[in-house]
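Please look over the sequence and the model below before reading on. The notes that follow take up one topic at a time.

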Amino acid sequence: MSSDPDSAAEQLDGADDEMLEPVVATGRLTPGLHLVATPIGNMRDITQRALDTLRIADLVACEDTRHSGMLLKHHGISARLISLNEHNEAHRIPQLLEHIRQGGSVALISDAGMPTVSDPGQRLVGAVVGAGLHVESIPGPSAVLTALAASGLPTTPFYFGGFLPHKKGARTTMLTAALQRDCTSIFFESPYRLVDTLAILAEAAPDHRVVVARELTKKFEEFKRGPASILLSHYQTKTPKGEITLLIAPVDPPKWLTW
């Protein structure tokens, strides 16, 4: 990508409308699989391109048809919904592949954020790519990047480990590795296990900087930053609720990190 702003502007001016906004320009989708990022909390956090895609797609595959139905209803979209989750993904793949082969379009969404990222859809994307069919990604909300940007920790590079394991032994192994990593580590965690997770961190490295990002983009959004031992004490007295993203500082933080 060119680093010259003037050159980039010239390239943008020279692009046609269909290239920039294919859904709006043509009124149809390219046959294939279209990955659509959806809000992680605030229903207004969705792009116009995502809405256009969901409105026009032949099928909208989603984790929970009831949950996604509320999002579509909020935006005045009537779509043909089909479930795709960890329990039925293997069964659905041949059906969706055949639909795409016949010239159809499938929009894939998850309950929140970008599909396939700690959500169902990875096997479907692999199957569509393996069949030589079209896959397109419509960017949008991400709990990982939303938390990272406002964390106050170094943003590049970073490590994303998905959901921490339920079992304490496996969780301890992952957290120990994070404490020794030379970049910011990010995980999803359940509010029911957060105190236990902070206890593991506090025992291993009580002064290590940690961030708990809770209920991102929602009414009660909260960022708590500080040493692991301090955050442990806080959540031992105040029961955590809602969706949680946990960030752990690099083993050797930069000098500008003063909190």
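Which residues in helix 9 are buried? In this predicted model, the buried residues of helix 9 are Arg171, Leu175, Ala178 and Leu179. They cover an arc of only 95° around the axis, which puts them on the same side of helix 9.

**The protein as a whole**

- The protein has 11 helices and 10 strands, and buried residues make up 44% of its 259 residues.
- Among the contacts in the protein with a separation of 6 or more, 71% are accounted for by residues 24 or more positions apart.
- The pLDDT averages 90 over the protein, and 90% of the residues score at least 70.
- Over residues 5–25, however, the pLDDT is below 50, and this stretch has 16 contacts in the model beyond near neighbours in sequence.
- Where pLDDT is low, the predicted coordinates should not be read in detail.

- On the face of helix 9 turned away from the buried side, the exposed residues Thr173 and Gln180 are found.

**Strand 1 and its parallel partners**

- Strand 1, which runs over residues 32–36, is mostly covered, since 5 of its 5 residues are buried.
- Strand 1 and strand 4 (residues 105–108) run parallel and are joined by 4 bridges; within strand 4, Ala107 is the residue that stands opposite His34.
- Strand 1 is also joined to strand 5 (residues 135–138) by 4 bridges, and these two strands run parallel; the bridge partner of Leu33 in strand 5 is Val135.

**Strand 8 and its antiparallel partners**

- Strand 8 (residues 209–214) has 5 of its 6 residues buried, so it is largely enclosed by the rest of the structure.
- Strand 8 pairs with strand 9 in the antiparallel sense over 6 bridges, and Val212 has Lys224 in strand 9 as its bridge partner.
- Strand 8 and strand 10 run antiparallel as well, joined by 5 bridges; here the bridge partner of Arg214 is Ile244 in strand 10.

**Salt bridges**

- Side chains of opposite charge can pair when their charged atoms come close. With a limit of 4 Å between a side-chain nitrogen of Lys or Arg and a carboxyl oxygen of Asp or Glu, the count comes to 8 salt bridges.
- The side chains of Arg55 and Asp52 meet in one of these, at 3.6 Å from N to O. Because Arg55 and Asp52 are 3 residues apart in helix 4 (residues 48–56), about one helical turn separates them.
- An α-helix has 3.6 residues a turn, so residues three or four places apart point the same way.
- Is Asp52 buried or exposed? Asp52 has a relative accessibility of 11% and therefore counts as buried, whereas Arg55, at 38% relative accessibility, counts as partly exposed.
- Glu189 and Arg193 form another salt bridge, in which the closest N and O atoms are 3.4 Å apart, and both Glu189 and Arg193 are buried.
- Lys238 forms a salt bridge with Glu222, with the closest N and O atoms 3.9 Å apart. This pair links distant parts of the chain, 16 residues apart, as Lys238 lies in the loop between helix 11 (228–237) and strand 10, while Glu222 lies in strand 9 (residues 222–227).
- Lys238, at 42% relative accessibility, counts as partly exposed, while Glu222 is buried, with a relative accessible area of 13%.
- Lys238 and Glu222 also belong, together with Arg214, to a network of salt bridges.

Key. Residues numbered from 1 in each chain as written. Predicted model: local features only at pLDDT ≥ 70, side-chain atom pairs only at ≥ 80, totals over all residues. Heavy atoms only, no water. Buried < 20%, exposed > 50% of the residue type's maximum accessible area, 1.4 Å probe, protein only. Arc of directions from axis to C-beta. Pairing = 2+ DSSP bridges. pLDDT = per-residue confidence, 0-100. Contact = heavy atoms within 4.5 Å.
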